[in-house]
Amino acid sequence: MAAEGKLSNVTLKFRKSEALKDISLTFDPGKIYGLIGRNGAGKTVLLSLLAAFREPTTGQVEIDGEPVFENADKMQQVSFIYTKNYEEEYENIPLILKFSERYRPNYDKDYAYRLLKRFKLPLDKPINKLSKGMQAALNVVIGLASRTPLTIFDEVYLGMDAPTRVIFYEELLADHIKHPRTFILSTHLVSEMDYLFDHVVIIHEGRLLLDNDYESISAQGVSITGAADRVDAFVSDRKILNEQKLGGTKSIMTYGALSEEDRLSAQDQGLEVGPVSLQDLFIHLTEEVH
Amino acid sequence: MKSVKLYPKIAVDLFTEQLKWSLWFFSFVTIAHIIGLVIVSINDAHIQEFFVFSSYSVAIFLLVCGIISAYGFMGQFVQQGITRKDLYIGTVISVFALALAVTLIPLAITGIEYLISSFVALPINTNTDTVFDLSSGWLLATSTFFLNVTTYYLIGWLIGVGYYRFGWVIGFGFIAIAIAALSLNSFFWVNNSVVPWIPYNSVGASIVLSVSGSLILISLLLLFIRILTRRITIKL
């Protein structure tokens with residue numbers, strides 16, 4: 001079971017600043033979304049709106065076509081998992097999981113305990129005594145095992161070491177195949193997570209910068225490498241993201257898909273056409289806006 | 001998907017959790033009372049029976065529970081997809097249940113104390129002139145106590161919500177409101193200022209007035225808390 005999350009013309013104002021500016025965005029059911037943005041771009045507030053932690057100043061936030069705020073049915077369908085402060089948490093893991101078991105209708109206890117084992121989390125220790133990485137893994141267990149139709153992971157990997165993060169990605173994909181739902185993964189670890197995404201949303205300074213499926217976005221980024229003058233001539237009417245020069249050779253990252261014709265013409269001129277990683281696109285697109 | 005009402009579940013969970021705290025609390029107070037009994041028996045004096053002995057600290061204990069409930073439960077429950085409304089109703093039910101429990105527990109301990117004192121002479125003073133005085137009637141003492149501890153919990157909850165929502169500076173304003181509410185409460189209950197340093201001006205001896213005053217205060221507190229939490233932003 002997967003749910004749709006939708007924001008229509010959402011603006012969120014704080015006393016002095018605007019955190020989100022007129023965002024309209026749909027999270028289609030059953031897809032894995034990467035929500036990318038720099039620090040302070042507004043990722044977390046956007047997600048907290050979907051989870052009904054707060055209300056927008058203007059605009060609508062809906063789950064499956066109904067406003068989510070204070071909507072008992074719809075709020076039940078959303079999990080918002082973020083890095084929690086566990087300093088005051090003296091209980092152990094089984095006690096904390098009881099809570100999800102009681103309140104999440106699709107919660108799968110066996111699955112939760114399989115995950116705990118895979119993450120090697122101790123069951124008898126108080127949670128505030130666990131390392132940051134273990135606490136992060138616990139959050140992941142809660143998020144995955146609750147099996148909510150819309151599951152949001154807001155930079156939950158913080159504190160996890162690389163092998164643990166890989167387990168997280170593997171388990172997420174495996175469980176998504178068995179129990180499809182809508183996932184939103186907010187991150188700035190773009191390069192290691194991009195293979196997870198069906199769809200990518202980039203927000204920058206509270207505005208929606210990009211909202212497209214992963215394939216299309218990948219096709220947008222093109223790097224052209226070759227003799228400097230020829231490269232310059234080739235990209236003259238294209239949107240340039242970044243350039244690097246080494247001797248007479250130049251490599252330019254451009255934004256905008258190449259037509260087949262362009263591709264052939266590049267080949268004829270001895271230019272090398274390559275892809276641009278999502279990470280590079282993210283860096284240069286959000287840089288360029290300044 | 002047909003929705004199941006969640007607030008009864010929430011009420012049960014909140015009640016059991018806080019009842020656990022209460023049992024810890026009462027075991028400490030009982031130990032203190034026993035120590036007190038030993039000390040006064042050496043000095044050949046008397047202390048008050050358990051119900052009266054514990055009354056001040058029970059009220060303060062519920063005040064603290066109320067403060068904690070704003071911080072401890074709000075984020076936790078909303079993160080599990082529970083609406084503020086369900087949480088509010090669940091909490092209110094649990095508050096009344098908890099107030100009843102912390103009224104009955106000391107009553108039971110006092111009963112045991114009386115039972116023991118019929119075999120052994122205990123140095124307890126049964127001749128007190130507070131409203132809690134059991135000689136003025138068990139039912140009256142119990143309901144008075146119940147209303148008072150409920151008020152204390154709600155005042156604590158209000159302070160907690162005030163701080164949670166508005167932060168430090170305005171939070172202090174909620175302390176002022178709390179003190180006003182406490183003074184009002186002692187105004188309704190003759191000779192029963194649980195916070196003794198607050199001057200009180202009694203409405204007189206009429207129990208009907210006291211009970212109705214208390215009920216109105218409780219309703220106002222409940223209303224105020226609901227208004228403050230109805231659309232509250234949950235902190236991350």
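K20(B) is partly exposed in this predicted model, with a relative accessible area of 48%. The side chain of K20(B) forms a salt bridge with E17(B), and the closest N and O atoms of the pair are 3.8 Å apart. Over all chains, the count of salt bridges comes to 15, and 3 of these interactions are found across the interface of chain A and chain B.

- E17(B) counts as partly exposed, at 23% relative accessibility.
- K20(B) falls in the partly exposed class as well, because its relative accessible area of 48% lies between the cut-offs of 20% and 50%.

**A salt bridge between the chains**

- R102(A) and D13(B) meet through their side chains in a salt bridge, with an N to O distance of 2.7 Å.
- This pair crosses between chains: R102(A) is in helix α3 of chain A, and D13(B) is in helix α1 of chain B, which covers residues 7–43.
- R102(A) counts as partly exposed, at 33% relative accessibility.
- D13(B) counts as buried, because its relative accessibility is 17% and the class takes residues under 20%.

- The side chains of R147(A) and D108(A) form a salt bridge, with 2.9 Å from N to O.
- R147(A) is buried, at a relative accessible area of 10%, whereas D108(A) is partly exposed, at 23%.
- D108(A) and R147(A) also belong to a network of salt bridges that links them with D175(A) and R181(A).

**The contact between chain A and chain B**

- Chain A contributes 23 residues to the contact, and chain B contributes 26 residues.
- About 2,400 Å² of area is buried between the two chains, and carbon and sulfur atoms give 52% of this area.
- On the side of chain A, the residues that lose the most area to chain B are F53(A), F99(A) and Y103(A), which together account for 29% of what that side buries.
- Polar contact across the interface of chain A and chain B involves 18 residue pairs, with both residues at pLDDT 80 or more.
- Three elements of chain A give two or more residues to the side that touches chain B, namely α2 (72–75), β6 (78–82) and α3 (93–103).
- Helix α3(A) provides the largest share of that side, with 4 residues.
- By class, the side of chain A that touches chain B holds 10 nonpolar, 5 polar and 8 charged residues.

**A buried histidine in chain B**

- H33(B) is located in helix α1 of chain B.
- H33(B) counts as buried because its relative accessibility is 3%, under the 20% cut-off.
- Leaving aside residues up to four places away in sequence, H33(B) touches I47(B), Q48(B), E49(B), F50(B), F53(B), E113(B) and I124(B).

**The architecture of chain A**

- Chain A contains 11 helices and 14 strands.
- The C-alpha trace of chain A spans about 65 × 45 × 35 Å along its principal axes.
- Chain A has 290 residues, of which 51% count as buried.
- Of the contacts in chain A between residues at least 6 apart in sequence, 68% join residues at least 24 apart.
- Strand β1 of chain A, residues 5–13, pairs with β2(A) in the antiparallel sense over 6 bridges.
- K6(A) has T26(A) as its bridge partner in β2(A).

Note on methods. Residues numbered from 1 in each chain as written. Chains lettered and ligands numbered in written order. Predicted model: local features only at pLDDT ≥ 70, side-chain atom pairs only at ≥ 80, totals over all residues. Heavy atoms only, no water. Contact = heavy atoms within 4.5 Å. Buried area = accessible area lost by both parts, 1.4 Å probe. Salt bridge = Lys/Arg side-chain N within 4 Å of Asp/Glu carboxyl O. Polar contact = N/O pair within 3.5 Å; in protein donor to acceptor, adjacent residues only side chain to side chain. Nonpolar A, V, L, I, M, F, W, Y, C, P; charged D, E, K, R; others polar. Buried < 20%, exposed > 50% of the residue type's maximum accessible area, 1.4 Å probe, protein only. Pairing = 2+ DSSP bridges.
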